[in-house]
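This briefing walks through selected features of one structure, moving from helix faces to a sheet and then to charged side-chain pairs.

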Amino acid sequence: MPRALPPLPDVLILTPTEFTTAAASPTSVLDWVRSPNGQQQGDHGSCAAALLPADDDVVLVLPPRTVSWHRVTLPKVAAARLRAALDGVLEDRLLNDPSDLHFALEPGSRPGQTLWVAACHKAWLKSWLQVLEAAGRPVSRIVPSLWPTSAAGGDRSETVHWAHDEGDGVWLSTANPLGVRSVPLRESSTSTFGPSSTFGDSTFGDLGPAASNTHGHLPTASDPATTRWLADPSITALAEQACNQRFDLMPPPAWLLRCAQSDWNLAQFDLSLSSGARRNQRLRQSLRQFRSAPAWRPARWGLAALLLSLMGGLNAMAWMERSAMAAKQAAMTQALRETFPGENLVMDAPLQMRRGLARLQQASGTLSTSDLEAMLAAIAAAAPNAAPTALDFSAGDARLGAWNVPEPQLQSLQQALNERGWAASVEGGSLRIRPKAP
């Protein structure tokens, strides 16, 4: 069986619960949800940054009223000058100085296209990123809670209404092809954002008369085939009474998971991740989709079948090799016992057979490769004109010195002996020769 792949790291999706324009602090509270694969909901809760679960992939979701949306035509300029060009295009449409805002382009944007640009307060966003970084939970992606449905491959006719509690009041946020807007269903007396966002001209961007519906008027019933009404379970009754419309339940953890599954990533320009971090992020996302997405189920089954077939083939080949090796060892053992009946215990058949052959040669007086005569005969056959005048022999090892030929010719003799199956070496003008080990 193939070894199971190690589990992918959990995704931690979080969003601020304190809806103020003040900078984030280590005690600021966030709602969070964990997902084992980016598709299914796991544990969830609310706590400060230091108490969050530790995960490799952290996604920060920005509340609807912290982001304003602007429909612009992207200038055809170099990437290094794109941010400055956006400042010029959006300067007349913003309530804030463009240098105080962070911009992000919709996914798949190209120069010359008309597209959506998201804007939010840069200092406020950086404070959250710094708090999470200090707590050991660095953010890998930044996504909006809602985005225009005409962006990032959305259905241009779709409208999404989301009733939710932001702590300072109950709001109904709407996303459609015209942009994103938020309408108060019940506003507290301590609201810090108010009906109009401090981060831009309006939640609808630069749509002119359409922006007059930014606040003060609730949406009316529309085509149910292209409209979704979603609400936090705790405020569903209030939303249905205010809008005279049935809402489907959408708990906050499920909504956060929906946001993380979008193609948006607001970490761009000066807040963009390094190229290595982006590659790792895309790799984790691709692995997570391959592991859990229903569309990849046939590929997963195919990969599993391929691995099983490969493992089965490798095991079959290994079994055949082991069988062939065992057959050869059995044949050598049988040949040893038939040739030398006295060898009862077989430990190393080739070595025992070689020793037995040497004993037979010695008993019959036949020359063997360990005898001096065999060594001298080999030297005479390799170099008839070469002769030593000094000899030292002991147990199959001969040293011959004081040759009558120059050293280069002695080197040639050594090479010839090695090619004929002897172990020869030249050591200090002497030739050492002995039988080559089997």
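Predicted model: local features only at pLDDT ≥ 70, side-chain atom pairs only at ≥ 80, totals over all residues.

In helix α8, which spans residues 372-382, the buried residues are Leu372, Ala374, Met375, Ala378 and Ile379. Because these residues cover an arc of only 165° around the axis, they sit on the same side of α8.

**Helix faces**

- The cover over the buried residues of α8 includes the strands β14 (390-394), β15 (397-401), β16 (422-427) and β17 (430-435), together with helix α9 (407-419).
- In helix α3, made up of residues 236-243, the buried residues are Thr236, Ala239 and Cys243; seen down the axis of α3, they fall within an arc of 65°, so they line one face of the helix.
- The other side of α3 carries Ala237 and Gln241, which are exposed.
- An α-helix has 3.6 residues a turn, so residues three or four places apart point the same way.
- Directly after α3 comes asparagine 244, whose phi is positive, near 55°.

- Three strands make up an open sheet with the order β5-β7-β6, and their pairing is antiparallel.
- Strands β5 (68-73) and β6 (101-105) stand at the edges with a single partner strand each, so one side of each is left without a neighbour in the sheet.
- On average, and with direction ignored, neighbouring strands of this sheet are turned by 35° against each other.
- Strand β7, residues 114-121, is joined to β6 by five bridges, and the two run antiparallel; leucine 105 stands opposite valine 117 in β7.
- Helix α1 (residues 82-90) packs on the sheet and touches β5, β6 and β7, with its direction making about 105° with that of β6.
- Helix α2 (residues 122-134) lies across β6 and β7, and runs at about 70° to β7.

**Salt bridges**

- Side chains of opposite charge can pair when their charged atoms come close, and a search of the whole structure finds five salt bridges, three of which are described here: those of glutamate 106, aspartate 87 and aspartate 270.
- Glutamate 106 forms a salt bridge with arginine 71, their closest N and O atoms being 3.8 Å apart. Since glutamate 106 lies in the loop between β6 and β7 while arginine 71 lies in strand β5, the pair ties together parts that are 35 residues apart in sequence.
- Of these two partners, glutamate 106 counts as buried because its relative accessibility is 11%, whereas arginine 71, at 22%, counts as partly exposed.
- Aspartate 87 forms a salt bridge with arginine 83, with the closest N and O atoms 3.1 Å apart; both residues lie in helix α1, four residues apart, which is about one turn of the helix. Arginine 83 is buried, with a relative accessible area of 16%.
- The side chains of aspartate 270 and lysine 122 meet in a salt bridge at 3.4 Å, N to O. This pair links distant parts of the chain, with aspartate 270 in the loop between α4 (252-260) and α5 (275-292) and lysine 122 in helix α2, 148 residues apart.
- Aspartate 270 counts as partly exposed at 45% relative accessibility, whereas lysine 122 counts as buried at 15%.

Methods
Residues numbered from 1 in each chain as written. Heavy atoms only, no water. Pairing = 2+ DSSP bridges. Axes fitted to C-alpha atoms, helices over the stretch in contact; angles between N-to-C directions. Contact = heavy atoms within 4.5 Å. Buried < 20%, exposed > 50% of the residue type's maximum accessible area, 1.4 Å probe, protein only. Arc of directions from axis to C-beta. Salt bridge = Lys/Arg side-chain N within 4 Å of Asp/Glu carboxyl O.
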